[in-house]
Amino acid sequence: MKLYGSMGSRFGFLNWWPGDTKDEIFIGAILTQQTTWTNVEKAISNLKKSKALSVRALSRMETSIIEKLVRPSGYYRQKAKRLKLLSSTIMSEYGSLEGLFGLGQEALRKTLLGMKGIGPETADSIMLYAAGKPTFVIDAYTKRIMYRVFGTPANIDYDSLKEVFESALPKNPALYKDFHAQFVELGKSHCKTKPLCNHCPAFGLCKYAGQVPTGH
Ligand code: SF4
């Protein structure tokens, strides 16, 4: 919480994830794989203009048309195929995204992880930001910052690091959302591959401030 406080007092409350609807967040979480958010925004804008920014609409659309719309997000053939399959599965098995999100937390995570193209980070992002479930999202920034600040093992697996947060923090989706957003902000602004420690808000707490070993 001290680390969270230090980041929050510098960056303020970060209103994440960008997206007006649950469908938009769900689709954005698939499109953001292996690309930058700027590219995702272009694809989302195309989908919006074509009234295809919903699971229902995508389930009814030809894959070739989805390909054209999501092209700016990279790996567009794979992503279009994935979106089509996921949307069709959700509509046929749950009737809507809301229907899927009606599952209990454990069942929802298991179901998402069983869907092609959804790994732990994507599943947790969807659960936290679209479904509002208290599950902590681990990404490369989180791993890197936790290693540098607290010496958490650099090769810690996803679920173990997730458990570090979930066992220590109250189960509060708003806290989890903002905590993850703060990590992303710190990772982008200071704790880069080559860290900029001098003005980092976590400097006073960080084990490796100013002396990060190479390769981490
Ligand atoms: S002090 Fe340096 S290594 Fe530590 S979190 Fe900040 S930028 Fe990263």
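This is a predicted model: local features need pLDDT of at least 70, side-chain atom pairs count only at pLDDT 80 or more; totals for chains, interfaces and linings use all residues.

1. Residues are numbered from 1 along each chain as its sequence is written, and side-chain values use heavy atoms, with hydrogens and water left out.

2. The ligand is surrounded by Arg148, Val149, His190, Cys191, Pro195, Leu196, Cys197, Cys200, Phe203, Cys206, Ala209 and Val212, where a residue counts as near if one of its heavy atoms lies within 4 Å. This shell divides into ten nonpolar residues, one polar and one charged, with Ala, Val, Leu, Ile, Met, Phe, Trp, Tyr, Cys and Pro taken as nonpolar, Asp, Glu, Lys and Arg as charged, and the others, Gly among them, as polar.

3. Phenylalanine 11 lies in helix H1 (residues 2–11), helices being DSSP runs of H or I with at least four residues, numbered from the N terminus. Its relative accessible area is 19%, so it counts as buried, a term that means under 20% (1.4 Å probe, protein chains only).

4. Leaving aside residues up to four places away in sequence, Phenylalanine 11 touches Gln182, Glu185, Leu186, Ser189, His190 and Pro201, contact meaning heavy atoms within 4.5 Å. Phenylalanine 11 and proline 201 are 190 residues apart in sequence, yet their C-alpha atoms are 9.1 Å apart in space.

5. In helix H12 (residues 173–189), the buried residues include Leu175, Tyr176, Phe179 and Phe183, and their cover includes H1, H9, H10 and H11.

Key: Helices (H or I, at least four residues) and strands (E, at least two) are DSSP runs, numbered from the N terminus. Buried means under 20% relative accessible area, exposed over 50%, partly exposed in between (1.4 Å probe, protein chains only). The expected span of a helix is 1.5 Å times one less than its number of residues.
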